[in-house]
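Here is a short briefing to read with the structure open beside you. Take it one topic at a time, and find each part in the picture as you go.

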Amino acid sequence: MKSEKDRIAPHPVLSTYYVDEKERRQRVDGMFDASAKHYDWIINVMSFGSGRHYRRTALLRAGLAPGMKVLDVGAGTGVVSLPAQIIVGNEGLVVAVDPSRGMLTEATKLGVKQAVMGLGERLPLEDNSFDMVTMGYALRHVDDLRMLFSEYLRVLKPGGKILLLEISRPKGKLGLAALKFYMKTVVPGITRLVRRSSDAQELMRYYWDTIEQCVPRPTILAAMEDAGLEQCECLLAMGIFSEYRSSKPG
Ligand SMILES: C[S@@+](CC[C@H](N)C(=O)[O-])C[C@H]1O[C@@H](n2cnc3c(N)ncnc32)[C@H](O)[C@@H]1O
């Protein structure tokens with residue numbers, strides 16, 4: 001049985017927002033629920049309109065093709081699930097999983113066909129049933145990376161693939177300061193001003209804090225390997241956009 005010391009949390013306790021793991025879960029779900037109707041607007045502004053295109057091309061680069069069965073974990077409003085649905089077509093299937101009811105409600109309104117409430121680290125899905133598992137910018141919100149990757153291994157078919165998108169902390173001090181100013185001050189400020197939502201403003205501050213405190217790439221890759229995944233790699237673009245890939249042994 002796994003003990004607390006085996007757990008790999010994606011970041012330490014962020015005491016500005018919550019005191020312990022139990023409260024973290026409630027706070028995170030509450031923040032996403034309250035900000036769900038602002039989320040697509042925020043990512044559009046934050047990425048200067050390129051967020052959707054980037055996610056779609058990342059899916060194609062990872063080998064997503066017509067007819068595949070995809071599980072999109074931490075699906076949110078469906079920003080990854082929707083292009084995946086188009087790529088896999090009517091012969092394929094995309095199941096969107098998320099613990100936030102608010103995010104899933106938006107996802108369904110926007111056209112996501114199958115939405116299931118659940119956590120990445122405890123997937124309510126059958127073994128060996130998906131060709132690809134995707135996760136866009138949700139890794140920082142799970143309880144334990146080991147459990148997450150064990151679950152991915154379980155639900156993937158033999159030879160199935162994983163694509164995980166994340167924003168990573170830049171290495172240089174200047175890059176870090178610039179990105180922090182943009183993501184912790186500019187994006188939350190604009191969100192508050194235009195959307196008039198203090199919840200969405202807080203979510204975006206939290207978003208940055210989890211990026212800044214996130215465990216480094218080698219820790220994430222080692223957790224994937226420990227779970228039994230193979231061909232684990234991370235492609236980095238512009239020093240911040242990380243595409244983690246791996247697969248289940250065939
Ligand atoms: C920043 S949003 C990402 C949405 C979308 N995938 C994208 O690419 O923009 C993070 C999502 O992860 C979800 N989430 C939080 N904790 C999670 C967990 N333990 N397992 C799966 N998803 C989780 C949140 O509810 C939220 O919808």
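Of the 22 residues around the ligand, the nearest are Gly-74, Gly-76, Gly-136, Ala-138 and His-141; a residue is near a molecule if its C-beta atom, placed from the backbone, lies within 6 Å of it. This is a predicted model, in which local features need pLDDT of at least 70 and side-chain atom pairs count only at pLDDT 80 or more, while totals for chains, interfaces and linings use all residues. Residues are numbered from 1 along each chain as its sequence is written.

**Around the ligand**
- Helix H1 (residues 21-46) gives the largest share of the shell, 3 residues; helices (H or I, at least four residues) and strands (E, at least two) are DSSP runs, numbered from the N terminus.
- The shell has 13 nonpolar, 6 polar and 3 charged residues. Here Ala, Val, Leu, Ile, Met, Phe, Trp, Tyr, Cys and Pro count as nonpolar, Asp, Glu, Lys and Arg as charged, and the others, Gly among them, as polar.

**The sheet**
- Seen in order, S3-S2-S1-S4-S5-S7-S6 make an open sheet of 7 strands with mixed pairing; two strands pair if DSSP finds at least two bridges between them.
- Strands S3 (114-117) and S6 (230-237) are at the edges with a single partner strand each, so one side of each has no neighbour in the sheet.
- Strand S5 (residues 156-167) pairs with strand S7 (residues 241-247) in the antiparallel sense over 7 bridges, and Leu-163 stands opposite Arg-245 in S7.

**Helix H3**
- Helix H3 (residues 81-88) packs on the sheet, where it touches strands S1 (69-73), S2 (93-98) and S4 (130-136). Contact means that the C-beta atoms of two residues, placed from the backbone, lie within 7 Å.
- Gly-89 follows H3 and has a positive phi, near 70 degrees.

**Two residues with positive phi**
- Asn-128 is not a glycine, yet its phi is positive, about 50 degrees. Asn-128 sits in the loop between S3 and S4, and counts as exposed because it has 12 C-beta neighbours inside 10 Å.
- Gln-231, in strand S6, also has a positive phi, near 50 degrees, in a residue other than glycine. Gln-231 counts as partly exposed because it has 13 C-beta neighbours inside 10 Å.

How values were computed
Axes fitted to C-alpha atoms, helices over the stretch in contact; angles between N-to-C directions. Buried ≥ 20, exposed ≤ 12 C-beta atoms within 10 Å, placed from the backbone.
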